[in-house]
Amino acid sequence: MGNTMAVADMEAVVFPRVEEDVLLKAEGLNLDVSIGGKTCRVLRDISFTLPRGKTLGLVGESGAGKSMLGRIISRQIPAGFSVSSGSLMFDGEDLLQASARQHRDWLGKRIAFIPQEPMTALNPVLTIGQQFTEHMLRFGVPAAECEARIIQALEEVLLPEPAALLSKYAFQLSGGMCQRVMIAMAFASEPDLVISDEATTALDVSTQAQVVRLLRDLQARKGTSVIFVTHDMGLATHACDEVTVLYAGEMMETAPARNIFQHASHPYTRALRDATPRLKGSVIPLKTLEGQMPGVESFADIPGCRFASRCDYAAASCNAGVPERVSVSHGHSVRCARYAELETLTAEQHSSSGTHQPGHAFSARSVLQASGISKVYPAANRRQKDKLALAAMDFTIAPGEFIGIVGESGSGKSTLGRMLMGLEDLTSGSIDINGKTLGNDEASWQRRISLVQMIFQDARSALNPRRKVGQLLTQVMDSRPHQRLERNMRMKELARDVGLAEQSVQRYPAQLSGGQRQRVNIGRSLCDLPQILIADEIVSGLDVSVQAQIMNLLLELRREHKVALVLISHDLSVVRYLCSRVLVMKNGEVIESGETEKVLSDPQHPYTRQLIAAVPPTDPDAVWPGASFTDKEAGVL
Amino acid sequence: MMSFIPAWVFSLLRDNNIRIGGGFFLLLLIAALFAPELAPHDPNEQDLFNVLLPPMWEAGGSADFPLGTDALGQCVLSRLIYGAQVVVIIALTAPVGAAIIGSILAMIGGYFGGRSDWLINRVVETWLSFPAVVLALILMIALSPGLHNVIISIVLVDWARFCKVLRADVLVIRRRDYVAAARITGARPAGIIIRDVFPGIIPTMISLMALEISIAIVAESILSFVGMSVGPDVSSWGGMISDGLSSMYSSPYPLLLPMIAMILTVLATTFLGQGVRQVVDLHLAERTREA
């Protein structure tokens, strides 16, 4: 605990030194792991204070170590990791020193968790009632009172008909409902601390807004403190009181949630902000953050600031030693040696940024024309009804045109994409490519796959894990005679095109980062230079900085190869950045379509309005209407 | 580099079940390979002066016949050692044969679906509805005794289980995005099956094969017990048990010793199968977590 002194000084910075009741206080927490004989500091000097009834947001990209804190608290750190120094005071007692018995007693009773995947966190073979009762009995509610208490808890999270819910199984509920059950369980023991680890990431935007609102409501009523882990900065500004930005296991910046976006002081926070597409205001080109976060195994070799290798403002001094945390203003601290100089530097940079154009059509002539296409899944047996996945619709796309298709899960947007690609049969209608109707024969299929290609949502499952990147990039050549030399050249070309290092063609997908995998995924679809790309949620699982890279890559491919893009997404700001035209879908029907800017600024359909409102605005002063309940909505969900 | 050997091969060697089972099986393999050198006598050599001798440590036993002799004066130890040859051959070939037939049909049925899948499924169900031993006996009657035919009949009986289990795997892999991705690159079905589907079913296939070893060994011994396996001139443990039955009241050893050998072998292969399955499952779990 050599650096306790420095940390003690910092404390005033993290939260205003008002006489507040502090619930959780970390001081100089270090988490080490030894890899190959070297000791790597996974978390370096984590210090914060969390007052009762407040929310601390942990924001960062994957690999930043934001989930580790929750694991330290729950004593679930992976084998080989150990907390080497520091203290973690929970209501005056050290969590790290507490006996196993005491700790077990706290968990679930005084400290509760809300998991990321509500569907998998609930046991599929037990009813909600059984699981909830088990939980209640564990913290000492008499069996006779359980049912009444459970129903009350479920009512508090605004679940309709809580009594009927008790006999249901997890799979009979929607994701949003399951997450509400998890929240109800977390709050049932009236805990002092709730840790929510990406609890809303798996949910639709509008469900997310309601769940966050619910969390805030319960917290305000019960005076609970919350640690809110998320990768979404926009969400953090609205869901938290205070936000800490983590990068490579280090707290880079801590500020009141309202200030973190607008008055970001750390270059990394700024880079995150500049890489996040906006839903409102003028569209400016996104600045991408090159490179990737250093892995844990290389931490030992970085003597100075861990962000220095990717930082635009890095100077020699940055690599000399770990920068101290400096107070910027009341409650705002930053770990950057040069933050004071940044103000002048960024002002220059911002003036030079140009204007941005989304993907407009190069000509009025259409490449692909679908007329009256629909999809109905026939019922499995006579008692069930046929399921309409897509009502009859027309669709055209011109060269270079980027069209966004938005809607929630189950709205039929993925079905549309798969039908255009030819992976799903059409129930009715026809598709023309360059004026010729596609049939079901082999020649049509060959023509189709040479002109239309699809980029799959999850690059992990779309890339055969047992083939090398080079083989995957040129997978098209598998089925036709080619020379090895020719193929090797093409794979290197493609790797360059999508911004991968040439050496990476020799690697396996599992050896690449998420962003690199997505690049392979995109590169593969470009091998035959198609005219249309169908992209199904390709940026949704990625970190913001990688997302910005991929989006700029797509726009670049459009300029170079004149490709058109059908972008299926639930993220309206991504669609706004890329697409000139947008289709809004609900329950298999297109309910609104038109120019992106027009639809977003003046939505006609109430559902479109609701979708737009559900996105957490980046402006901290803006109210987030999507997060407020109307009685009607609460009843529906 | 060793990178072409998957990591699970190494973890196989760290599993205790595999060490025990594999170690015993290795001994058996050595006995089978060097049978002519190890066996004190020819397995069919009869010494009618020394009939039903007890093992050498019992009164009346002779160091010439370490485990005694049977009713025809044949050396029990030599017959056990030569019998190990049959066991090892069956253990190594029958699972491979069943896996080949089963996996090919599983991939055809599971990948293409439709009528071929329907047909393969019905055949598998019909096959599985027969008691395995009865089916093998019928096949052996049709094929006539002999080592090759035993292998063929065991393979023909057991492929159905492989097919049924592997087909479920194929159905899962078929829905993966990378199979759809291969389709839109214009790959032919055969190419997709070889490059994308087959590598995915290998782990399940390996654990099925490990379990099949003990099943095949027992099946062969049942067939030789009823005299429908390898010919009478080849010594096999099942045949020794059946011969030992007639003289079991005068000397139990010709019956007990092959039975013990049998039990130990099946136990060892079960350990082996269990170990392999654990390691493979562990790797599957790890892979899905990273995926």
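Here is a short chat about chain A, a predicted model.

Biologist: What secondary structure does chain A have, in helices and strands?
Modeller: Both kinds turn up in this predicted model. DSSP runs in chain A come to 22 strands and 24 helices.

Biologist: How does the radius of gyration of chain A sit against that of a compact globule?
Modeller: Chain A has 637 residues, and a compact globule of that length would come out near 26 Å. Along the principal axes, the C-alpha atoms fill a box of roughly 75 × 65 × 45 Å. The radius for chain A agrees with the globule value, because it is 26 Å.

Biologist: What share of the residues in chain A is buried?
Modeller: Buried here is under 20% relative accessible area. Of the 637 residues, the buried share is 54%.

Biologist: How far apart are the centres of the positive and negative side chains in chain A?
Modeller: There are 71 negative side chains and 67 positive ones.

Biologist: Which residue in the turn between E11(A) and E12(A) has a positive phi?
Modeller: E11 covers residues 326-329 of chain A and E12 covers 332-334, and three bridges join these antiparallel strands. One pairing is Ser327(A) with Ser333(A). The two strands form a hairpin with two residues between them, and the positive phi, about 75°, belongs to Gly331(A).

Terms used:
Residues numbered from 1 in each chain as written. Chains lettered and ligands numbered in written order. Predicted model: local features only at pLDDT ≥ 70, side-chain atom pairs only at ≥ 80, totals over all residues. Heavy atoms only, no water. Pairing = 2+ DSSP bridges. Helix = DSSP H or I, 4+ residues; strand = E, 2+ residues; numbered from the N terminus. Rg over C-alpha atoms; globule rule 2.2 N^0.38 Å. Buried < 20%, exposed > 50% of the residue type's maximum accessible area, 1.4 Å probe, protein only. Lys, Arg positive; Asp, Glu negative; His and termini not counted. Charge placed at Lys NZ, Arg CZ, Asp CG, Glu CD.
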